[in-house]
Amino acid sequence: MITVKHTNELTPKELIDILKERVKVFVVEQNCPYQEVDDDDYDDLHVCLIEDGQLKAYTRIIDKGDHITFGRVLVVKEFRKNGLGEKIVAATIDEIKQRFPKQPIQIQAQAYLQKFYEQFGFKAISDVYLEDNIPHLDMLLNF
């Protein structure tokens, strides 16, 4: 089941589950010490794929005014390789289309995922650059 909630709609358990998985993936697994929880977390939308009461995949959506972005895309380690990445990204794009019609979506993608995002219609709009020592590129999806 996909749920979408604003930060202030999350229960304490939901918020802690999300933040635990984000830190596990983006700080611990990627060996990348940085301020993972940031000010955007006060006012964003959390897209969660939950099955059997357990968070399995996640993204967050942020309204940047002139465009929408999403990030922190993750699939919990034990559920990877089951198509949940595609499922959560498709659900995130659908949610953005509903809430922010005709707004472009611009993301910072890890460079190795360029082809993954291209399957959803994203196009690279920058060269590869380092963000926290991880190769990234900016990608755009227009409607």
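This is a predicted model: local features need pLDDT of at least 70, side-chain atom pairs count only at pLDDT 80 or more; totals for chains, interfaces and linings use all residues.
Just after the helix, Asn31 adopts a positive phi of about 45 degrees.

The loop between H1 and S2 contains Asp38. Is Asp38 buried, exposed or partly exposed? Its relative accessible area is 22%. Since buried means under 20% and exposed means over 50%, Asp38 counts as partly exposed. Leaving aside residues up to four places away in sequence, Asp38 touches Arg60 and Arg72. With Arg60 there is a polar contact between the two side chains, at 2.9 Å.

A pair of aromatic rings is described by the distance of the centres and the angle of the planes. Rings pair if their centres lie within 6.5 Å, and planes over 60 degrees apart count as edge-to-face. By this rule there are five aromatic pairs. In one of them, the rings of Phe116 and Phe120 have centres 5.5 Å apart and planes at 70 degrees, so the pair is edge-to-face. Phe116 has a relative accessibility of 18% and therefore counts as buried. Another pair is formed by Tyr117 and Phe122: the centres are 5.9 Å apart and the planes stand at 80 degrees, so this pair is edge-to-face as well. Both Tyr117 and Phe122 are buried. Ring pairs join Phe70, Phe116, Tyr117, Phe120 and Phe122 into a cluster.

The chain as a whole may now be considered. It has three helices and eight strands, which follow one another from the N terminus in the order β-α-β-β-β-α-β-α-β-β-β. For 143 residues, a compact globule would have a radius of gyration near 15 Å; the chain has 14 Å, which agrees. Along the principal axes, the C-alpha atoms fill a box of roughly 40 × 35 × 30 Å. Of the 143 residues, 42% are buried. Among contacts between residues at least 6 apart in sequence, 59% join residues at least 24 apart.

Methods: Residues are numbered from 1 along each chain as its sequence is written. Side-chain values use heavy atoms; hydrogens and water are left out. Helices (H or I, at least four residues) and strands (E, at least two) are DSSP runs, numbered from the N terminus. Buried means under 20% relative accessible area, exposed over 50%, partly exposed in between (1.4 Å probe, protein chains only). Contact means heavy atoms within 4.5 Å. A polar contact is a pair of N or O atoms within 3.5 Å; within protein, one must be able to donate a hydrogen and the other to accept it, and residues adjacent in sequence count only if both atoms are side-chain atoms. Rings of Phe, Tyr and Trp (its six-membered ring) pair if their centres lie within 6.5 Å; planes under 30 degrees apart count as stacked, over 60 as edge-to-face and the rest as tilted. The radius of gyration is taken over C-alpha atoms; the globule rule is 2.2 Å times the number of residues to the power 0.38.
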